[in-house]
Amino acid sequence: MISFQEQEKIFHLQGNTYSYILCVKDGMLMHMYWGKKLPSADIGCLFALHGEGASFDSAFSRAPMEVFTQEKGYYGQRAINLVNPAGDDLLSLRYKGHRIFAGKKALTGLPSSYIEDETEAETLEIDLRDAFTGVVVTLSYTVFRDFDVLARSMVILNKGDAPLTLTDAQTAVHLPRAEYEIIHLKGAWARERHMQRIPMTQGNFSIKSRRGASGHENNPFIALVSPSTTEFSGDVFAMTHVYSGSFSASVEVGIDSAPTMMMGLCSDVFSWKLEPGCSFQAPEALLTYAPDGLNGLSHRMHPFIRKRICRGVWRDRPRPVLINNWEATYFDFTADKLFDIAKRGADIGCELFVMDDGWFGKRNTDNCSLGDWVVNEEKLPGGLKALADRITSLGIMMGLWVEPEMFSPDSDLYRAHPDWCLHVEGRERTQARQQLILDLSRKEVQDYIIGSISAVLRSASISYVKWDMNRNMMEGFSAALPAERKMETQHRYMLGLYRVLSEITSAFPEVLFESCSGGGGRFDCGILCYMPQTWTSDDTDASERVRIQYGTSLIYPASSMGAHVSAVPNHQTGRTTPFHTRCNVAMGGNFGFELDLNKLSPEDLACAKQAVDTVKKLRAVMQQGEYSRLIDPAKQNGRSAWQYTHQNQVVVCIYQDYNVPNMSIWYVKLTGLEESAVYEDREHGIRTTGAALMNIGLPCGLAHQDHESWVYCFEKL
Ligand code: DGJ
């Protein structure tokens, strides 16, 4: 999978469908190729052509460095920015040596993709050294046997005798000159991860989060695609960050129209003092090349995230159908009210009841008590244990909401430790949702969270935790750090958070953790390393959810998305959609309810029960199957379709925003079926060949209302 040609000094990294090729030339590590798999790396002769010809500055825009720094006439964006005691930030990295070994190392302090057995991956480490500062940069590349994703990371080690200041660390890849378009996932609260596709032009395009979380606005993912790329064909080059904090992703295009794509920390809110002998571990980036379109990208990323990012006992288990009380009660509940909601859920087959915000301290609204993780016995007499015992006596599991990274100014914790919040002395402590952020860069704060949350989880039979985080950093600085290290706070916070998550999730391995950040404000591969599912969005409106889930699915598998049926008019949009459509859309992820089932009409309750039965029957297909997007709602005026394929089963979900009068039928063409095999959907009386389903498609459109939806389940005979 990884070879080194000694004579030409060429490294060839081969996945099942991609090649990634590097070369050492005049001591410099050069990037030669990333794309469709090549049988051998016998391309030195082609490389010789690079670097020649007329260029005002130098050859390096054509034979690019693997780690961009400012030297030899390169003026573009740098991958590493390191200021040395002489005050300059020049860096001349030269090849020192390399190692190729079986397996993959974990990253110190940071989440990363992993292996279960050494034979399933090979890793190349290359050391580059700057003679002036003594800095050694070790690049790491892991090729996986069973997954077409290349994992890249780097460690920057100060081997000199003076402190250095690191102000940027990016994973960069240069692609040859061609026409490309940029795809990324843009959004906002309640409108997360809509796919945006724009032409690539000369200049610098970047998306960023400076919020201390990956954020609702931009997801840590970026791709370059050929203009002709569709869901089903065309080249895709994608980068995804395994990190949950501030980030930047960019595409820089020079005069020669050749792009450099980068993904890394956000230099606006980051710097790091590197003392002699100390090293800095930069986050991992996942590089995915797909020659077969955007579905090809998803087909590579979904199994990889499911199996080599997510971990723990819940990774492969069917995810429970849950019922959550948030939109049913908000803060206004009693133990009896919760029990009634849970009971009706259990009656129709729900497997987990989740008690959301409001069970602790004196929290009857969102202005107090975060940080005081002590049950409110006025609301819940007998405490968590009494409620959990009642809930579990229904034969279902009990789950709990927490927001451990925060505290309210009106809390015992804040009164005891006002300095534990991220702030700058003398300046305003900006509140958002009337709360402040705990300084997780401090060990004592991490320990407090580990201790208090563990005590809660030990106090009752809790099988699920919804780990929320409802605001971003404004004065994102630690009072405990000296001035020259203040800009380290955001990254130190992430290291602290990862330590907390690692301790708690390993102490409670049977608990299913779901992350949340005002909905989907921290939906990334970093957090998925600890919690295998994320609450996709606070927006549960079916029409909006189609778009949110459609965009999210570009990278993230259905098993990572929480998707719930809520009441109408929808609490976020005021829109009313049919009950069965809300169910059909929620089947696009880990299915649940976010309403009081006791308030449903008998017809809707029957529909809810039927949906639960369907989810249980089909969840292996939907949570573990191959997911393909068929019709993009943004392009087809609100019509959308997606398909799951698992072994002999094929499930197709179709959605239509508006009913158009006097309109002809439209067809949804399926994908990836066996042409000559026969597929049958008994319920709809369809029995035909794969070829017919892929070339004619399923007829749709005869609706009697807006927001109509259909689900087809085929069996390959
Ligand atoms: C934001 C979450 O996204 C909601 O689902 C809910 O848990 C609230 N926080 C509770 O405060």
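Visitor: In which hand does H10 pass H11 at their crossing?
Guide: H10 passes H11 in a left-handed crossing, meaning the near helix is turned anticlockwise from the far one by less than a right angle, where clockwise would be right-handed. Helices here are DSSP runs (H or I, at least four residues), strands are E runs of at least two, and both are numbered from the N terminus. This is a predicted model, where local features need pLDDT of at least 70, side-chain atom pairs count only at pLDDT 80 or more, and totals for chains, interfaces and linings use all residues. Residues are numbered from 1 along each chain as its sequence is written, and side-chain values use heavy atoms, leaving out hydrogens and water.

Visitor: And at what angle do the axes of H10 and H11 cross?
Guide: Roughly 15°, with the axes of H10 (residues 542-552) and H11 (residues 579-586) coming within 9 Å. H10 and H11 are therefore roughly parallel to each other, a label for angles under 35 degrees. The axes are lines fitted to C-alpha atoms over the stretch in contact, and angles run from 0 to 180 degrees between N-to-C directions.

Visitor: What about the loop between S29 and H11, which residue has its place there?
Guide: Pro569 does, with S29 covering 561-566. A cis peptide bond joins Val568 and Pro569, with omega about -10°.

Visitor: Switching topic: what volume does the second largest pocket have?
Guide: About 610 Å³. A pocket is an open set of points on a 1 Å grid over the protein atoms alone, where a 1.4 Å probe fits, with protein on both sides within 12 Å along at least five of seven lines; a cavity is a set the probe cannot get out of, and lining residues have an atom within 4 Å of a point. Points are joined across faces, edges and corners, and the volume is the space filled by probe spheres set on them.

Visitor: Which element gives the largest share of that pocket's lining?
Guide: S38, with seven residues. The lining has 26 residues in total, and Thr614, Glu683, His684, Val711 and Cys713 lie nearest the centre of the pocket.

Visitor: Last one: where does Arg433 lie?
Guide: In the loop between H6 (412-416) and S25 (436-437). Arg433 has a positive phi of about 45°, although it is not a glycine.

Methods: Angles under 35 degrees count as roughly parallel, over 145 as roughly antiparallel, 65 to 115 as roughly perpendicular and the rest as oblique.
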